[in-house]
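Welcome! Please take a moment with the sequence and the 3D view below before reading on.

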Amino acid sequence: MRSRPRTLAAPLLLAAALLTTALTPAATAAPGHAAPASLTVAADGSAAFAGIQAAIDAVPANNTSPVTITVQPGVYREVVLVPSNKPHIRLVGSSSRAADVTIVHNNSSGTPKPGGGTYGTSGSATFAVDADDFQARNITFANDFDELAHADQPNHQAVALRTRGDRIVLSNIAAHGDQDTLLLDSANKDRQGRVHISDSTITGNVDFIFGRATAVITHSVIQVTRRPDGTSAGYVTAPSTAPQFPGFLIINSTITGDVSDRTYYLGRPWYSGGDATLHPQVTVRDTQLSAAIRTTPWTDMSGFPWQGARFAEYRNSGPGAGTPSGTRPHLTDQQAGSHTPATWLGGWTP
């Protein structure tokens, strides 16, 4: 008779266990998880996190609500990745000065990786954003790779900030480097990665704003710098735009730098991987151009002529500006109506 109650209890316990399992969050079909509304990082250890990557790691995967990570002033020497399954992160420096919070590292494309091989250009990034709906404010992103100290090493491209997601907002940030400072990219050439940059500073000398993203850079300062050996020559942009998307729009900004006159191009077309189906695009409009800019501001790249790209200016000013010509295409007033932040970003309002 004692065995009978045990026989009846087993199905009841099993049913209860199944019901409990069905009600647990891990077993639900919810697409994501709520995240803590805010986290704080302090380099001196006075906050819950001493590093930025540690705070990002604490955000649950597939979070469905915004998470603000406030960063106290300091220098954070680390490599940081915001993975694609962690959207809605807002990284905010607690000071109003971008210089007060600096995230910096020194990998380059040719830097050997611990497990073998090298990092490559994209992998050299100090800070990489693969997620959508990321925002950063009051932050400096830097790559201080020393080209002169590694003169015998090939591939000196060294990215400070790389974006690959969509709907990225960067406000009052700085991006500092030499070659390939700011890589504005997308997950693939069939997916648009939209980026809005405002009230910011970007420095570099060779192709230092590049990639296939659709990016608006407004009310910002773009500073061309001398090469580490002191020479003065370079390229501001190297777009790799897919033909179905707009490329880079630089508007209401300033391009300047303490360099020799007429030594920097506005850009050259990057047909990444030799992909001739790409259609690189840059429009520079309503922007102050210093004498650093060449009178013929566009040039060829890797055998691809600049004339096959979508390069144009409109209503620029300053000693680096020039009148329309066969070597300096300008938009008409009618064309300029479609080269605006609103049309560029396609219905997304940052």
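Here is a short briefing, from the overall build to single side chains.

This is a predicted model, in which local features need pLDDT of at least 70, side-chain atom pairs count only at pLDDT 80 or more, and totals for chains, interfaces and linings use all residues. Residues are numbered from 1 along each chain as its sequence is written, and side-chain values use heavy atoms, with hydrogens and water left out.

**Overall build**

- Along the principal axes, the C-alpha atoms fill a box of roughly 100 × 45 × 40 Å.
- Of the 350 residues, 49% count as buried, where buried means under 20% relative accessible area, exposed over 50% and partly exposed in between, using a 1.4 Å probe and protein chains only.
- Among contacts with a separation of 6 or more, 74% come from residues 24 or more positions apart; a contact means heavy atoms within 4.5 Å.

**The open sheet**

- An open sheet is formed by 7 strands in the order S4-S7-S9-S11-S14-S17-S20, with parallel pairing; two strands pair if DSSP finds at least two bridges between them.
- Strands S4 (80-82) and S20 (264-267) stand at the edges with a single partner strand each, so one side of each has no neighbour in the sheet.
- From one strand to the next, the twist averages 10°, based on axes that are lines fitted to C-alpha atoms, with angles from 0 to 180 degrees between N-to-C directions.
- Within this sheet's order, S7 (residues 127-129) and S9 (residues 161-163) pair in the parallel sense over 3 bridges.
- Phe127 has Leu161 in S9 as its bridge partner.

**Aromatic side chains**

- The structure holds 6 aromatic pairs: rings of Phe, Tyr and Trp (its six-membered ring) pair if their centres lie within 6.5 Å, and planes under 30 degrees apart count as stacked, over 60 as edge-to-face and the rest as tilted.
- Phe210 and Trp270 make a tilted pair, because their ring centres are 5.7 Å apart and their planes stand at 50°.
- Phe210 lies in strand S14 (residues 206-211) and Trp270 in the loop between S20 and strand S21 (281-285), so this pair ties together parts 60 residues apart in sequence.
- Phe210 counts as buried at 3% relative accessibility, whereas Trp270 is partly exposed at 26%.
- Trp298 and Phe311 are stacked, at 4.3 Å centre to centre with 15° between the planes.
- Trp298 sits in the loop between strand S22 (288-289) and strand S23 (310-314), and Phe311 in S23, 13 residues apart; Trp298 and Phe311 are both buried.
- Ring pairs join Phe127, Phe134 and Phe141 into a cluster.

**Two arginines to look at**

- Arg268 lies over the face of Tyr235, 3.8 Å from the ring centre; a charge sits over a ring if NZ of Lys or CZ of Arg is within 6 Å of the ring centre and within 35 degrees of the ring normal.
- Arg285 lies in strand S21 and counts as buried at 8% relative accessibility.
- A polar contact of 2.6 Å joins the side chains of Arg285 and Asp286; such a contact is a pair of N or O atoms within 3.5 Å, where within protein one must be able to donate a hydrogen and the other to accept it, and residues adjacent in sequence count only if both atoms are side-chain atoms.
- A polar side-chain atom of Arg285 also lies 2.9 Å from the backbone oxygen of His339.
- Leaving aside neighbours within four places in sequence, the contacts of Arg285 include Leu249, Asn252, Tyr314, Ala336 and Thr340.

Conventions. Helices (H or I, at least four residues) and strands (E, at least two) are DSSP runs, numbered from the N terminus.
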